[in-house]
Amino acid sequence: ATGAYPKRVKVVEVGPRDGLQNEKNVVPTPVKINLINMLSETGLQVIEATSFVSPKWVPQMADHTEVMQGINKLPGISYPVLTPNLKGFQAAVAAGAKEVSIFGAASELFTKKNINCSIEESLERFDEVMKAARAASIPVRGYVSCVLGCPYEGKISAAKVAEVSKKMYSMGCYEISLGDTIGVGTPGSMKEMLTVVMKEVPVGALAVHCHDTYGQALANILVALQMGVSVVDSSVAGLGGCPYAQGASGNVATEDLVYMLNGLGIHTGVDLQKLMDTGTFICNALNRRTNSKVSQASCRL
Amino acid sequence: QEPQASGLPEFIKIVEVGPRDGLQNEKVIVPTDIKIELINQLSKTGLPAIEVTSFVSSKWVPQMADHKEVMRGIERHPGVQYPVLTPNLQGFHSAIAAGATEVSVFGAASESFSKMNINCSIEESIEKFEEVTTSARNMNIPVRGYVSCALGCPYEGNIVPDKVAEVSKRLYSMGCYEISLGDTIGVGTPGSMKKMLEAVMKEIPLSALAVHCHDTYGQALANILTAIQMGVAVVDSSVAGLGGCPYAKGATGNVATEDVIYMLNGLGINTGVNLYAVMEAGNFICTALNKKTNSKVAQASFNTGTI
């Protein structure tokens with residue numbers, strides 16, 4: 001159980017998109033751009049920049065085209081964007097996107113409430129994006145939400161997670177990010193879910209996206225690493241609350257994740273100090289305290 | 001899940017340190033009757049051990065000045081242990097006179113920390129504790145030993161695992177039935193936890209080991225998971241995550257009992273503790289202290305109205 005950990009872990013930074021989308025305060029375009037530019041200097045290899053979804057639904061991401069066109073795109077760094085459908089995909093590519101993400105779910109009720117269709121219908125929409133992406137040689141990352149529990153359905157079967165993951169992987173997603181959307185998962189349910197999913201999708205194509213709503217994120221990530229997962233999503237300063245539990249936290253903080261990986265001797269390429277400085281910047285801009293414990297602590301004697 | 005199938009302990013003893021370690025490190029001093037009410041509520045949750053107070057001079061720790069009144073005022077539930085801190089023989093005698101039936105002594109794996117905290121070297125502190133354990137043995141009073149700075153020291157920085165093992169062995173040899181290894185400033189990670197436990201497990205039987213993790217850097221649950229994967233079956237925690245870190249202003253300290261139990265429940269590990277009852281006790285003390293809980297489980301549960 002405490003056997004070998006991966007030697008390297010790829011950290012996928014979702015703060016500018018998942019984080020900011022779920023913050024109370026909306027941040028102006030120049031601040032978003034500066035945030036992403038600062039993140040680009042930390043050593044992070046993947047930074048989710050924005051979402052090409054209608055501003056009617058997600059006003060916080062209304063400036064997606066400006067952000068995409070305004071950021072410094074450093075060589076070696078990927079700046080994926082969310083594209084819920086073909087229209088969004090086309091807008092993203094027109095704005096210069098070179099990688100996109102699509103969001104599925106392991107829960108029918110969640111899919112219905114979130115995007116007003118069934119899982120099957122959502123996969124059909126994604127297929128249109130996949131075809132266009134393949135034609136344009138654009139890599140697509142697939143997300144599966146509610147992998148360890150659903151705010152509407154409660155318990156989610158691991159088999160369902162595996163089924164949806166397999167479909168998205170077969171459609172051509174190069175990576176599947178498994179999301180504990182409401183943070184209810186524990187090392188027990190994480191292990192059980194991954195065991196089943198790993199029968200259908202190679203572990204090298206899996207990522208975990210853990211929320212810290214119940215304080216379980218790092219423990220869940222630890223178990224995932226022990227099972228061979230080597231891609232982990234996180235959000236600078238733990239940006240992004242939980243829309244299903246008022247006042248509760250959401251995304252796990254990148255600083256806290258990197259601190260743990262450093263302590264395990266796992267290589268990430270990320271400079272923790274620069275990351276903390278970036279977290280300080282965006283928290284000041286949002287006029288809020290950081291959710292990162294590493295940032296909060298500083299042993300001043 | 002079957003915890004045994006995954007190599008995890010089937011049962012984990014939770015040692016609740018909120019009323020002592022927690023309240024001692026809170027800014028607001030809590031009146032005696034509130035302390036007693038908190039402990040009484042905790043006694044009904046299924047927790048097997050609740051650290052009640054500290055028989056240390058009120059000059060040094062004013063928050064625990066009412067140690068006698070608290071000890072005498074609490075309900076004593078059968079099957080629940082109520083250990084108290086006794087830094088020296090004088091404190092020990094005072095504790096026994098007030099009705100204590102279990103005591104704890106606090107050592108450290110760092111010379112600098114020992115000097116700054118209790119104004120003597122590790123060796124000198126061990127001599128004082130030996131007086132306590134000798135008296136305790138004569139009276140059939142069990143003694144729990146704590147080793148602070150097991151994963152790092154606010155003054156010395158890095159702490160060598162062998163030093164932790166050495167101090168632990170001294171405390172165990174003098175008669176402590178259990179050694180609680182404390183990550184005092186919360187700097188530890190699963191990496192350093194593993195290395196430290198490997199060194200200590202060479203000297204102390206696994207069944208006599210406990211971990212006392214601070215969540216100052218958000219690592220506590222991951223560190224606890226690592227420890228229980230190695231077979232440790234006793235975990236210290238504090239209701240509502242009471243008790244900040246005296247070395248990092250505004251930072252958190254103790255890991256929240258609610259969050260630990262949530263994790264252990266999810267692993268199929270039995271603790272005997274009712275999570276909801278602990279959350280209620282946490283809600284009580286946070287209201288009394290006029291502060292927000294440090295437990296994420298409590299925060300999430302009270303906000304959705306679901307548990």
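## Fold of chain B

In this predicted model, chain B has 12 helices and eight strands, where helices (H or I, at least four residues) and strands (E, at least two) are DSSP runs numbered from the N terminus. The radius of gyration of chain B, 18 Å, is close to the 19 Å that the globule rule gives for 307 residues, so the chain is as compact as a globular protein of that length; the radius is taken over C-alpha atoms, and the rule is 2.2 Å times the number of residues to the power 0.38.

Of the 307 residues of chain B, 61% are buried, meaning under 20% relative accessible area with a 1.4 Å probe, protein chains only.

## Helix H8 of chain B

Helix H8 (residues 190-200) of chain B has among its buried residues Met193(B), Met196(B) and Leu197(B). The cover over the buried residues of H8(B) includes helix H9 (217-226) and helix H10 (254-263) of chain A, together with elements of chain B such as helix H7 (161-173) and strand S6 (178-183), contact being heavy atoms within 4.5 Å.

## Cysteines

Over all chains, the structure holds zero disulfides, a disulfide being a pair of cysteine sulfur atoms within 2.5 Å. For Cys173(A), the nearest cysteine sulfur, that of Cys117(A), is 16 Å away. The sulfur of Cys283(A) lies 18 Å from the closest cysteine sulfur, in Cys242(A), too far for a bond, and Cys283(A) is buried, with a relative accessible area of 5%.

## Basis of the values

Residues are numbered from 1 along each chain as its sequence is written, and chains are lettered from A in the order in which they are written. Local features need pLDDT of at least 70, and side-chain atom pairs count only at pLDDT 80 or more, while totals for chains, interfaces and linings use all residues; side-chain values use heavy atoms, leaving out hydrogens and water.

Conventions
Buried < 20%, exposed > 50% of the residue type's maximum accessible area, 1.4 Å probe, protein only.
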